[in-house]
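Please look through the sequence and the model displayed here before reading on. The dialogue then takes up some of the features one by one.

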Amino acid sequence: MGKLRIAVLTGAGVSAESGLGTYRDNGGLWDNYDPMEVASIDGWYRNRKLVLDFYNMQRARLKDVLPNDAHRMIASLEDRADVSVITQNVDNLHERAGSTKVIHLHGEVTKVRPESGVYDDSFSEREVFDIGYEDVNLGDKAPNGSQLRPHIVFFGEAVPKLEKAVEEVEKADIVLIVGTSLQVYPAASLYRYARPDARIYIIDPADVPLREPRIVHIKDVATSGMRKFLEELSK
Ligand code: APR
């Protein structure tokens, strides 16, 4: 029996207590911005500046926030288990809290890459680079001469890391879902790949669409929910 394997699927709720907004709660990002304008591939081709400004703002905000105890407790799981964090978040808080294996399904806001091709998921990881918390503006070009764009999976684009994420969930003894409304596919369907004998937990203060009776819902915010999960794990 090797080390326990845990797949942690996180969404914006895990970063809420760091002060970063979620998307669909009251006052969330999508209450103030139309995702089809600022976070879709068609929005990008319609108005690159609007999209660049939206992510410049997200990136600047990230500079001022810190990981919270939930990120730290998720990172601490690595002391006792083989952990894969599969996040829909584009922030870098899991890494800054110490998680060493993080799959960003929807990209990373501190990274950019050249825009290329008609539908823009044809790129190589070699072209991606980290700009930290700096702005990217119209006219900022990549070495290949094309406009730099956020390394974000826009609505309407493929999710290149999905297959890797599925593999991690299929290997897991425990699937832990933290702070996602499970409304955006394919990320929302990932937990369905859990093995029949795997345990599934979800930490969320709200009622979430549980589609399987075996899912244990820890109805709490991420920090205190994670404390309860750790207690459960120690039993
Ligand atoms: N602790 C834990 N969960 C919380 C907290 C908290 N403090 N506050 C809110 N939540 C929960 C909400 O109840 C909700 O279920 O976090 C979830 C946030 O849901 P969304 O705002 O929809 O965020 P998310 O599920 O990550 O969105 C998925 O949508 O727009 C796209 O690409 C974007 O990655 C994002 C994706």
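**Reading the model**

A: Leucine 182 is buried, with a relative accessible area of 6%; buried means under 20% relative accessible area, exposed over 50% and partly exposed in between, with a 1.4 Å probe and protein chains only. This is a predicted model, in which local features need pLDDT of at least 70 and side-chain atom pairs count only at pLDDT 80 or more, while totals for chains, interfaces and linings use all residues. Residues are numbered from 1 along each chain as its sequence is written, and side-chain values use heavy atoms, with hydrogens and water left out.

Q: Where is leucine 182 found, and what is its phi near?

A: Helices (H or I, at least four residues) and strands (E, at least two) are DSSP runs, numbered from the N terminus. Leucine 182 is found in the loop between β7 and β8. Its phi is near 55 degrees, a positive value in a residue other than glycine.

Q: Is the peptide bond from tyrosine 185 to proline 186 cis or trans?

A: The omega angle gives the reading: this bond is cis, with omega near 5 degrees. Proline 186 has its place in the loop between β7 (174-178) and β8 (199-203).

Q: Which residues are the closest to the ligand, and how many surround it?

A: A residue is near a molecule if one of its heavy atoms lies within 4 Å of it. The ligand is surrounded by 22 residues, the closest being Tyr23, Arg24, Thr180, Ser181 and Asp204.

Q: How does the shell around the ligand divide into nonpolar, polar and charged residues?

A: Ala, Val, Leu, Ile, Met, Phe, Trp, Tyr, Cys and Pro count as nonpolar, Asp, Glu, Lys and Arg as charged, and the others, Gly among them, as polar. In this shell, 10 residues are nonpolar, 8 polar and 4 charged.

Q: At what distance from an oxygen atom of the ligand does a polar side-chain atom of tryptophan 30 lie?

A: A polar contact is a pair of N or O atoms within 3.5 Å; within protein, one must be able to donate a hydrogen and the other to accept it, and residues adjacent in sequence count only if both atoms are side-chain atoms. For tryptophan 30 the distance is 2.8 Å. An N or O atom in the side chain of histidine 106 is 2.9 Å from a ligand oxygen, and a polar backbone atom of glycine 179 is 3.3 Å from an oxygen atom of the ligand. The protein covers 92% of the 730 Å² of accessible area that the ligand has on its own, with areas from the Shrake-Rupley method and a 1.4 Å probe; for residues, only the protein chains shown count as cover.

Q: Is glutamine 58 buried or exposed?

A: Glutamine 58 is buried, at 18% relative accessible area, and is found in helix α4 (residues 48-63). Contact means heavy atoms within 4.5 Å. Not counting residues up to four places away in sequence, glutamine 58 touches Leu29 and Val109.

Q: Is serine 234 buried or exposed?

A: With 53% relative accessibility, serine 234 counts as exposed. Serine 234 lies in helix α8 (residues 222-234), where a polar atom of its side chain is 2.7 Å from the backbone oxygen of leucine 230.

Q: How many helices and strands does the protein have?

A: The secondary structure comes to 8 helices and 9 strands. Buried residues make up 52% of the 235 residues.
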